[in-house]
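Reader: I want to learn to read single residues in a model. Can we work through a few cases?

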Amino acid sequence: MASSRPCSSCGERSLADDDDGNSFCASCGAVQDFDNFQHSLGGISGPTGTFVHTGTAGSGSTFNYKETKIYHAKQNIERITSLFDFSPSKKEEVRVMVETVTEGEYGQGDWFPVLIGACAYVVMRRDNKSLALVEVGDKVGCDVHELGRMVSRVVQFMRLKLPEFDIVDSFQRAVQTCFVSLDNVDKVGRMLKQGIFLVQCMVQWYLTTGRRPLPVVVAVLVFVAQLNAVDVRIEDVAMELHVAVVTCKLRYKELLESLVKVAQVLPWGKDITVKNIVKNAPFVLEYMELKSMSKRGEKRKVVDHVGFDMDDLVGSCLSEETEYRLDNHGVENDSQYFKVQDKRSSPRGTRDDLEMLKISHECLSMMYSECSNEISNTNYLEEGGCKNRRKKGRGFDLLDCREWWKGKSELSRKLLLREILEKDVGLVAMPPSFVAGCLAYQRRREKIKAAKLRINKIMGPQNGDSGDNGNLCISDGVNVGKKRRRRMKVYVDWEDLIIETLLLHQVHEEEIEKGHYNTLLDLYVFNSGSM
């Protein structure tokens, strides 16, 4: 049937319909667009569409939005708690705490893993278990300060009171983490006891007061590793525990300095320094261990038991089997005069027989020097100690002749703070911050005294000339090199000028000694006209 409509292609009015209902032009054969469109009206009897239920998780799923969110939240809790090697009961505690904090809604987004890490930290701290914030932040992948704020909010919401951080448990966890590949179980156990002993000694010496605990753990861990011939670097341990290397080195230096102070009570204590304290550490730790087990007032008895048995020491040093050629130092070999034999012709005599001998101080000093040289030159490691010894005239190995670490002190296991402070380990130390404050006060008093002398010299020259001009110099120049010229002496610095200004404004010396210069300048100098 031809239509009166023109063709959209040629314009001829020769349109016809095919079997499918489409119109085409009989002249050019072009199919007309939208010719078979049928308009359908919707309504009560109109076609019904496909309705989608609000909240479905997608095609083929029967879970709604909330159930899917909770499912993914529990998966995140399981994944994060598995990073800390939590037991199933601990994982359940973390899940319950997250559910309590979110009131059963859980959550999703970047904040939710931070909340899981905070809950994990609170659960461990509540059970007196150590878990560092830096470790949690590294596992979760968030900033430590952000994690700390979240922990504070969780504690406040749950109305909890967390116990103090257990540094001993943190050290035990660090040993298990860093020395997991060490096969010698006895050595690891010995290092663990020695480390606990030193950590609690540092607590008694106030080296952990006001400081972050993990750098102290790193310092003690590296020290006991060196003491037991375990090759470890402080940088590697600090990286493993996510601690700043600079802070760990400062704590390590403070530990060595404290041990040097303890070692001064030994007969050769004046020769012990920070550089050789590791070699002398067995004697120092033995003295500290015996001191902690003894009662107060038994100082001399403890010192007598530190070191070697004099019978074994002198007998071994002067025996024919061990070569100690004193004549190499310009002294004749007098070992034949020190051979001790009792009535039964035993190779060594008793202590009374040795005390009857009149050994000069030079001979004893020479014997000690020889022993020290043998210690430094002999490789006493377990791997090559036996191979490097000579068959004839072998050296005297001081560390192999006895077991210096007993591990019987109560400080070798975890104690309460009150019990730690009651122990005596041979050193009564003050907090470093208190000592630094006292030194700062003393330095400011000297500066105030020098400033007053300078002011008096200017205001009254007749009085200033009679004084000691040497006291007016605050700091001398330093000769940085032999080939460089000597720098000009600097008599005053910015702190001296501020002190002079405050003294001229009649500020009390007691206030200046405190060092709050900005506050004093605001009160007495810049606002002096309005007061």
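Reader: Which residues is threonine 208 in contact with, leaving aside its neighbours within four places in sequence?

Author: This is a predicted model. Contact is a matter of heavy atoms within 4.5 Å. Here threonine 208 is in contact with Ile167, Met202, Val203 and Val216, once neighbours within four places in sequence are set aside.

Reader: Where is threonine 208 found?

Author: Threonine 208 lies in the loop between α7 (185–204) and α8 (213–227).

Reader: Is threonine 208 buried or exposed?

Author: Buried means under 20% relative accessible area. Threonine 208 has 18% relative accessibility, so it counts as buried.

Reader: Now asparagine 76. What is its relative accessible area, and how is it classed?

Author: The class between buried and exposed is partly exposed. Asparagine 76 falls there, with a relative accessible area of 26%. Its place is in helix α1 (residues 65–83).

Reader: Which residues does asparagine 76 touch?

Author: Not counting residues up to four places away in sequence, asparagine 76 touches Phe112 and Ile116. Compare sequence and space for proline 113. Asparagine 76 and proline 113 are 37 residues apart in sequence, and 7.3 Å apart in space, C-alpha to C-alpha.

Reader: What about a surface patch? Which residues form the nonpolar one with Phe434?

Author: Patch members need over 30% relative accessible area. Phenylalanine 434 has 45%, which makes it partly exposed. On the surface, Phe434 forms a nonpolar patch with Met430, Val435 and Leu439. Together they have about 380 Å² of accessible area.

Reader: In which helix is phenylalanine 434?

Author: Phenylalanine 434 is in helix α17 (residues 432–459).

Notes:
Residues are numbered from 1 along each chain as its sequence is written. This is a predicted model: local features need pLDDT of at least 70, side-chain atom pairs count only at pLDDT 80 or more; totals for chains, interfaces and linings use all residues. Side-chain values use heavy atoms; hydrogens and water are left out. Helices (H or I, at least four residues) and strands (E, at least two) are DSSP runs, numbered from the N terminus. Buried means under 20% relative accessible area, exposed over 50%, partly exposed in between (1.4 Å probe, protein chains only). Patches are made of residues with over 30% relative accessible area and no salt bridge: like charges are joined within 9 Å, nonpolar side chains (Val, Leu, Ile, Met, Phe, Trp, Tyr) within 5 Å. Accessible areas come from the Shrake-Rupley method with a 1.4 Å probe; for residues, only the protein chains shown count as cover. A salt bridge is a side-chain nitrogen of Lys or Arg within 4 Å of a carboxyl oxygen of Asp or Glu.
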